[in-house]
Every structure is written in C-alpha cells, then in structure tokens.
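Subject: Structure for your review

Hello,

Here is the structure for you to look through. My notes follow below it.

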Amino acid sequence: MKNRKLIRDLEETIENIPDFPKPGIQFKDITPIFLNPKLYEDVIADLVAFSRGKVDAVCGIESRGYLFGIAVAVALEVPFILIRKAGKLPPPFVGIEYELEYGSAEIEMRTGQVKPGQRILIHDDLLATGGTTQAAAKLVENQGATVSQFSFLIGLKDLNGAERLKDFDAEVYTILEY
Ligand code: AMP
C-alpha cells in the first residue's frame with residue numbers, strides 16, 4: 001500500500017531542475033533527502049517493507065542506487081552487491097554492454113558475488129527509460145540468479161521504463177511517480 005505521507009514529504013523535498021544536464025530533461029535532485037535524517041529513515045523503511053522476506057541479496061546501480069540500497073540490504077540482513085560502470089572494478093568481474101540513445105555503455109560486478117539460485121532485488125534511485133536497469137537484470141540472471149524485485153524512489157511515467165522490465169518475472173515498486 002502506498003504511503004501517502006512519505007509521498008507528500010518526498011514531493012516537497014525532491015527538487016526539479018529543468019533542462020539539466022540537457023535541454024528538455026527534468027532532472028530530479030534527491031540530495032535534499034540527505035539533509036533530513038528522519039525522511040531518509042522513512043524512505044528506507046518503505047523500501048524494506050516492500051522487500052522483507054522476498055530477496056536473498058540486493059544489487060545497487062552506480063551511484064545513486066548505493067545511497068539507499070546498502071541501507072536496505074543491511075536492514076534486510078542480506079548481502080549488497082555493487083553494479084558499477086565499466087573500468088572501475090578490479091578483476092575478476094563480469095559485465096554486459098547495452099545500448100544508449102547515442103552509442104553504448106557497459107556495467108560490471110565482481111564475479112561470484114551474486115550466487116546461482118538467489119532471489120535478487122535490483123535497486124536504483126530513479127527509473128527513466130529502464131535501459132540501465134534492464135542491463136543490470138540481464139547481468140544478474142547471466143549469473144544463474146533470479147531477479148525477483150525492482151525498487152526505485154522515483155519512476156518517470158512518460159518514459160515507460162517499466163515496459164522494459166516486463167521480460168523479468170519480478171515485482172516493480174516506485175515510491176512516487178512523475
Ligand atoms: P535509465 O537507464 O534511462 O532508466 O536511467 C536511469 C539512471 O539515470 C538512474 O540511475 C538515474 O539516476 C539517472 N536519471 C535518468 N533520468 C534522470 C532524471 N530526470 N533525473 C535524475 N536522474 C536521472
């Protein structure tokens with residue numbers, strides 16, 4: 001069930017910056033959340049309630065996916081795995097390439113940190129086109145694990161990111177949508 005008060009508090013806190021980093025983009029700045037420890041706690045509690053008892057590990061997407069993902073994993077008492085942009089992790093690692101609007105990108109994680117058979121929560125701060133999240137989910141499933149949940153603070157409805165996550169038999173949760 002949606003937590004109305006939390007949604008209202010977040011709407012009042014998250015800043016919308018028009019035309020950043022490019023014309024036409026409405027950038028959602030989550031940094032004011034960290035000025036308010038009680039609100040941060042409420043966000044974590046909400047994400048934890050969604051995932052409790054349902055996952056064996058949490059994968060967070062660089063870098064804003066780490067800010068909430070680690071706290072969620074600690075509260076759930078499960079491992080946290082970093083999914084990083086290419087070139088940052090020492091070997092051994094596994095990676096996957098995916099298409100961007102212009103060109104391509106790659107994400108990686110350390111080999112063996114996601115284990116076959118695990119139920120995985122993939123977490124990021126914001127679901128836009130879903131391209132990065134979809135690639136992260138493929139990378140996780142290539143390791144023999146199952147993506148059973150996705151969670152985000154924010155979903156941008158018009159970009160239809162959830163469509164790209166339909167290939168996975170997983171629940172999708174966004175605290176609030178724009
Ligand atoms: P995507 O792969 O298109 O779903 O992009 C998701 C990633 O890009 C997330 O990690 C977000 O942090 C970032 N992102 C995309 N659009 C925005 C936006 N309008 N405001 C803030 N962050 C964004």
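Helices (H or I, at least four residues) and strands (E, at least two) are DSSP runs, numbered from the N terminus. This is a predicted model: local features need pLDDT of at least 70, side-chain atom pairs count only at pLDDT 80 or more, and totals for chains, interfaces and linings use all residues. Residues are numbered from 1 along each chain as its sequence is written, and side-chain values use heavy atoms, with hydrogens and water left out.

Fold

The protein chain has five helices and nine strands. Their order along the sequence is α-β-β-α-β-α-β-β-β-β-α-β-α-β. The radius of gyration (taken over C-alpha atoms) is 16 Å for the protein chain, close to the 16 Å from the globule rule for 178 residues, so the chain is as compact as a globular protein of that length. That rule is 2.2 Å times the number of residues to the power 0.38. The C-alpha trace spans about 40 × 40 × 30 Å along its principal axes.

Loops to check

P92 sits in the loop between strand 4 (80–85) and strand 5 (93–99). A cis peptide bond joins P91 to P92, with omega about 0°. A cis peptide bond also joins E62 and S63, with omega about -15°. S63 is in the loop between strand 3 (57–61) and helix 3 (64–76). E77 is in the loop between helix 3 and strand 4. Its phi is near 60°, a positive value in a residue other than glycine.

Ligand site

Now the polar contacts (pairs of N or O atoms within 3.5 Å). A polar side-chain atom of D124 is 2.7 Å from a ligand oxygen. For R64, a polar side-chain atom lies 3.3 Å from an oxygen of the ligand. G131 has a polar backbone atom 3.4 Å from a ligand oxygen.

Best wishes

Conventions
A polar contact is a pair of N or O atoms within 3.5 Å; within protein, one must be able to donate a hydrogen and the other to accept it, and residues adjacent in sequence count only if both atoms are side-chain atoms.
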